[in-house]
Amino acid sequence: MAAGGQVKRDFGSFHASNVQELIEASEEDYKPPIIPIDLPNFNEYSEGKVCPFGKEVRSKHFLLEDFNFLNHGAFGVALKEAVDATQQWQYYIERQPVRFMDREILPLLVYITRRLSKFVGCDATDVVLVQNASTATNTIIKSIKFNSNDVIYCLNVTYGAVKKLLKFTSEETGVRIQEENLDFPITGKDDIINKVKDTLRPGTRLAVFDHIPSNTPFIMPIKELIEICHNRGVPVLIDGAHSLGSLPLNIKDLNPDYFVGNCHKWFCSPKGCGYMYVKKELQKTTRPLIVSHGFGSGFSSEFMWSGLQDYTAFLSLHTVLDFWQSVGEEKIRHYMYTLAKQAADLLVEKWKTGLFAPQEMFASMVLVRLPSTLHEGKICDYSLAETIQNKLFHQFDTEVPIKAVNGELYVRISVHIWNELSDYQRLADSVITMATDLE
């Protein structure tokens with residue numbers, strides 16, 4: 001309530017506009033809004049039934065067709081119940097759109113933000129929902145006032161779209177990009193730690209690291225890297241596009257200055273849902289790409305509403321969180337990690353090759369070298385990798401990315417709870433057939 005008994009209006013004429021007040025409320029004082037629709041539930045798992053991973057969970061909780069799909073890491077696969085929930089929300093909204101947008105959506109977005117913050121390990125006041133990690137990264141980079149005396153530090157494994165953003169920023173502001181090369185293959189996390197120790201200069205304006213690089217999906221030792229950076233006075237942005245769901249996550253413990261991530265990848269939300277964490281002391285200078293009604297009312301308020309759009313992917317997080325918490329996030333990751341190791345061992349044995357990095361540096365994606373018989377006498381470049389990937393797709397009904405790295409070809413396998421070892425046996429046999437046909 002504002003001074004003089006007037007209702008506080010952070011969002012103009014919106015009837016529910018006290019976003020900052022709700023997001024800052026203590027657990028004791030906060031009262032979540034009533035969910036106006038009957039959301040799917042997973043009571044059977046919370047009541048003790050074991051979730052049947054593999055083919056059974058694939059048919060029960062996902063919409064995948066009969067295809068050997070080993071590329072969950074690309075854009076994720078949404079939980080069927082979460083897709084259903086988005087449609088329920090859409091139908092509910094259209095029954096009375098003004099009621100929903102004017103009176104209900106903001107408290108509902110606060111509620112899901114508070115729930116998500118607990119899952120990723122940070123204060124609700126420090127995280128906001130965004131469409132994806134790219135939106136969040138652009139927001140952060142464009143909020144920092146770089147100039148020609150500044151340096152942004154990154155590694156050669158930085159995500160391609162982020163490299164392009166940094167190049168664009170350099171062209172616009174004159175900031176210099178210092179990109180350091182890791183030596184491949186990786187032998188352990190010390191390769192990365194020592195590279196950063198040896199090349200990061202104090203006074204660098206920003207360091208950008210992937211939690212799990214997309215093309216070379218080993219787990220980066222980001223806690224150690226953040227500590228190195230902070231000891232030299234360098235702020236850190238972590239691109240955690242592949243973190244949520246794939247890794248246990250406690251952002252407050254990691255202590256980055258900025259952390260961005262996706263919910264649609266390993267967490268299995270519908271597309272168009274991500275999050276952005278910003279340290280409290282940096283929130284006043286981190287401004288949204290789209291300025292709207294929440295402007296001037298606080299960090300959470302400024303990002304909560306970016307104009308009329310479909311917010312149902314955000315709201316579907318209630319269903320996704322319910323699934324993970326009912327089934328058990330540790331059980332889910334244990335299945336993924338165990339199967340990833342089994343699959344990698346199988347492919348290495350069948351192809352007589354090796355991994356890009358030690359097994360313990362991989363989570364739910366693994367980079368396995370393809371047999372040399374597939375490319376003898378040929379240059380291992382993007383074009384050849386694309387040719388092999390297309391053959392696997394068209395001739396063997398297998399969706400899996402092929403990566404050309406350091407003069408070698410690798411396959412990047414993804415593993416989720418709907419996969420089984422037979423999926424990777426099928427991949428192994430398909431590659432052997434392709435190699436035999438080339439002899």
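I began with helix α14, where I listed the buried residues as L317, H318, T319, V320, L321, F323, W324, S326 and V327. The model is a predicted one, and I read every entry below with that in mind. Nine of the 11 residues of α14, which spans residues 317–327, are buried, so I noted the helix as largely enclosed by the rest of the structure. I then looked just past the end of α14 and found that G328 takes a positive phi of about 105°.

Next I turned to D239, which I located in strand β6, residues 236–240. I looked for a charged partner and found that D239 is buried yet has no salt bridge, the nearest side chain of opposite charge being that of K265, 8.7 Å away. I did find a polar atom of the D239 side chain 3.2 Å from the backbone nitrogen of A241. Setting aside neighbours within four places in sequence, I recorded contacts of D239 with A133, Y159, V162, F209, D210, H211 and V260.

Last, I looked up the largest pocket, for which I noted a volume of about 900 Å³. Its lining counts 39 residues, and of these Y159, S214, N215, K403 and R412 are the closest to its centre. When I asked which elements supply at least two residues of that lining, I found α4 (72–75), α7 (133–143), α8 (160–173), α16 (382–396) and β11 (402–405). The largest share comes from α16, which gives five residues to the lining of this pocket.

Notes
Residues numbered from 1 in each chain as written. Predicted model: local features only at pLDDT ≥ 70, side-chain atom pairs only at ≥ 80, totals over all residues. Heavy atoms only, no water. Helix = DSSP H or I, 4+ residues; strand = E, 2+ residues; numbered from the N terminus. Buried < 20%, exposed > 50% of the residue type's maximum accessible area, 1.4 Å probe, protein only. Lys, Arg positive; Asp, Glu negative; His and termini not counted. Salt bridge = Lys/Arg side-chain N within 4 Å of Asp/Glu carboxyl O. Polar contact = N/O pair within 3.5 Å; in protein donor to acceptor, adjacent residues only side chain to side chain. Contact = heavy atoms within 4.5 Å. 1 Å grid on protein atoms, 1.4 Å probe; cavity = no way out; pocket = protein on both sides within 12 Å on 5 of 7 lines; lining within 4 Å. Points joined across faces, edges and corners; volume = space filled by probe spheres on them.
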